[in-house]
Amino acid sequence: MIMLELFVVLLFIFLGARIGGIGIGFAGGAGVIALSFVLGVPTSQTYIPVDVILIIMSVITAIAAMQVAGGMDWLVQLAENFLRKHPERITFYAPIVTFLMTLMAGTGHTAFSTLPVIAEVAKGQGVRPSRPLSIAVVASQIAITASPISAAVVAFSSMLAPKGIDYLTLLAVCIPTTFIACMIGAFVANFMGSELKDDPIYQQRLEQGLVKLAPQKQRDILPTAKTATYIFLIAIAFVVCYAAAISTSVGLITDPALGRNEAIMAVMLTAAAAIVLFTKIDASKIPSASTFRSGMTACVCVLGVAWLGSTFVNAHVEGIKEVAGGLLSDYPWMLAIVLFFASMLLYSQGATTVALMPAALAIGVAPLTAVASFAAVSALFVLPTYPTLLAAVEMDDTGSTRIGNYVFNHPFFIPGVVTITSAVALGFTLGGVLI
């Protein structure tokens with residue numbers, strides 16, 4: 001019976017992946033019905049990661065308010081100025097920009113605005129655009145596992161708390177390891193493919209007049225942009241400082257009236273209110289912002305997939321522990337492989353985390369193994385269908401960032417695998433010291 005139930009879970013995950021986007025959440029809900037109504041597997045609303053969903057909603061509301069006030073445009077302008085000042089190092093500086101923007105915003109969709117700049121700067125310098133574009137996309141994805149306000153980090157830190165691993169320790173491991181891993185990935189990407197001038201497809205497109213160097217254009221930055229951005233950054237800083245103050249390792253506040261998750265929600269909603277009040281933007285425009293729509297999509301995805309996964313795991317946790325516990329104890333790196341392939345299908349770091357990490361911890365996986373493997377939930381680049389990956393392909397008119405005929409032979413694959421492998425290896429090393 002367990003094999004039939006597992007088949008149902010995988011079937012609905014596959015169907016969700018085929019639908020794409022918010023459809024993953026839809027398919028997860030349908031899978032819950034199939035497990036409970038048809039196969040009689042008990043389920044409960046306690047299996048739904050309500051805190052994670054509410055945090056996503058709160059953070060995205062603040063980000064969307066900042067976007068409407070022009071804050072995102074100002075950040076992109078700063079990133080563009082930085083990249084154009086150092087065009088010769090574009091392959092290394094592009095991932096730094098996308099990593100930091102995702103780290104601050106908690107969503108990798110911030111990369112959309114910087115990809116055209118990266119492509120133009122690389123092309124103008126004679127650098128093969130596929131090199132900086134590939135690692136920039138990967139960096140924007142793996143930075144989710146290091147962002148203090150991302151759904152994946154918040155959810156995972158809540159799971160680790162009973163194991164004695166606090167929020168700050170998780171960030172102390174994930175931020176440096178993922179950043180260094182991105183630089184290793186950039187080093188590899190810097191040698192991938194022929195030089196742009198030697199690429200026959202580029203030469204052909206050049207002769208056909210399909211390659212154009214767009215002039216630098218100054219964005220119209222709203223006067224409210226800086227105010228909104230500063231309010232948002234202050235909110236992030238407050239959340240991190242408050243989490244440190246109430247943590248067991250620091251212990252400045254021993255009996256907090258507000259827990260960490262509740263603080264994130266309250267502070268982010270307050271930040272959104274402050275942005276609206278101080279910048280006088282039209283609050284009715286916030287739900288129409290692109291970041292708000294993507295965040296609400298993430299909520300539905302997490303709801304469906306996490307509920308489906310938790311329903312199956314909680315029904316068979318002892319059996320799974322007996323079969324997989326010993327295997328993961330002997331070969332801890334296998335958890336990273338499981339997370340890697342799961343995130344390929346789920347297309348969400350948050351959904352992969354809430355679907356699989358509770359099961360891993362429930363069957364006795366060591367906290368060090370879980371933390372070190374966390375970066376592997378970022379394998380969204382493997383199948384060439386993720387929005388930021390497709391955007392990078394579309395924005396490179398040189399033809400160097402192209403998808404081959406065999407699905408996996410695209411320029412994002414090798415830098416991405418190298419980056420995640422490096423992050424996991426560094427996670428075991430640094431985690432062994434801090435945990």
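Trainee: How many salt bridges does the count come to in this model?

Mentor: The model is predicted. A salt bridge here needs a side-chain nitrogen of Lys or Arg within 4 Å of a carboxyl oxygen of Asp or Glu. By this rule the count comes to six.

Trainee: Take Glu 80. With which residue does Glu 80 form a salt bridge, and how far apart are the closest N and O atoms?

Mentor: The partner of Glu 80 is Arg 84, and the closest N and O atoms are 3.0 Å apart. Both residues belong to helix H4, which covers residues 71-85. They are four residues apart, about one turn of the helix.

Trainee: Is Glu 80 buried or exposed?

Mentor: Buried means under 20% relative accessible area. Glu 80 has 4% relative accessibility, so Glu 80 counts as buried. Arg 84 has a relative accessible area of 27% and is therefore partly exposed.

Trainee: Which residue meets Arg 89 in a salt bridge?

Mentor: Glu 88 does, with an N to O distance of 3.0 Å. Arg 89 is partly exposed at 39% relative accessibility. Glu 88 is also partly exposed, its relative accessible area being 45%.

Trainee: And what is the N to O distance between the side chains of Arg 131 and Glu 195?

Mentor: In that salt bridge the distance is 3.3 Å. Arg 131 sits in helix H7 (residues 130-142), while Glu 195 is in the loop between H9 and helix H10 (200-207), so the pair ties together parts that are 64 residues apart in sequence. Arg 131 is buried at 6% relative accessibility, whereas Glu 195, at 38%, is partly exposed.

Trainee: Let us turn to helix packing. What describes two packed helices?

Mentor: The description uses the angle between the two axes and the distance between those axes. As a case here, helix H9 (residues 167-189) packs with helix H19 (residues 413-434) at an angle of about 145°. Their axes are 7 Å apart. The crossing of H9 past H19 is right-handed. The residues of this contact comprise 16 nonpolar, eight polar and no charged.

Trainee: Where is Leu 434 found, and how far is Leu 434 from Val 173 in space?

Mentor: Leu 434 is in helix H19. The C-alpha atoms of Leu 434 and Val 173 are 7.5 Å apart in space, although the two residues are 261 residues apart in sequence. Leu 434 has 42% relative accessibility and counts as partly exposed.

Trainee: Is Ala 186 buried or exposed?

Mentor: Ala 186, which is found in helix H9, is buried, because its relative accessible area is 0%. Between Ala 186 and Ala 94 there are 9.0 Å from C-alpha to C-alpha, and the sequence separation is 92 residues.

Trainee: How should I read a pair such as Ile 118 and Asp 220; what separates their C-alpha atoms?

Mentor: Ile 118 and Asp 220 are 102 residues apart along the chain, and their C-alpha atoms are separated by 19 Å. Ile 118 has its place in helix H6 (residues 111-125). With 0% relative accessibility, Ile 118 counts as buried.

Trainee: Next, surface patches. Which residues make the nonpolar surface patch of about 580 Å²?

Mentor: For a nonpolar patch, each residue needs over 30% relative accessible area, and the side chains are joined within 5 Å. The patch of about 580 Å² is made by Met 1, Leu 4, Phe 7, Leu 11, Phe 14 and Leu 15. Leu 15 is in helix H1 (residues 2-19). Leu 15 is partly exposed, with 37% relative accessibility.

Trainee: Last, backbone angles. What is the phi of Lys 280?

Mentor: The general idea is that most residues other than glycine have a negative phi. Lys 280 is not a glycine, yet its phi is positive, at about 60°. The residue lies in the loop between helix H12 (260-279) and helix H13 (290-315). Lys 280 is exposed, since its relative accessible area is 70%.

Terms used
Residues are numbered from 1 along each chain as its sequence is written. This is a predicted model: local features need pLDDT of at least 70, side-chain atom pairs count only at pLDDT 80 or more; totals for chains, interfaces and linings use all residues. Side-chain values use heavy atoms; hydrogens and water are left out. Axes are lines fitted to C-alpha atoms, for helices over the stretch in contact, and angles run from 0 to 180 degrees between N-to-C directions. Helices (H or I, at least four residues) and strands (E, at least two) are DSSP runs, numbered from the N terminus. A crossing is left-handed if the near helix is turned anticlockwise from the far one by less than a right angle, and right-handed if clockwise. Ala, Val, Leu, Ile, Met, Phe, Trp, Tyr, Cys and Pro count as nonpolar, Asp, Glu, Lys and Arg as charged, and the others, Gly among them, as polar. Patches are made of residues with over 30% relative accessible area and no salt bridge: like charges are joined within 9 Å, nonpolar side chains (Val, Leu, Ile, Met, Phe, Trp, Tyr) within 5 Å. Accessible areas come from the Shrake-Rupley method with a 1.4 Å probe; for residues, only the protein chains shown count as cover. Buried means under 20% relative accessible area, exposed over 50%, partly exposed in between (1.4 Å probe, protein chains only).
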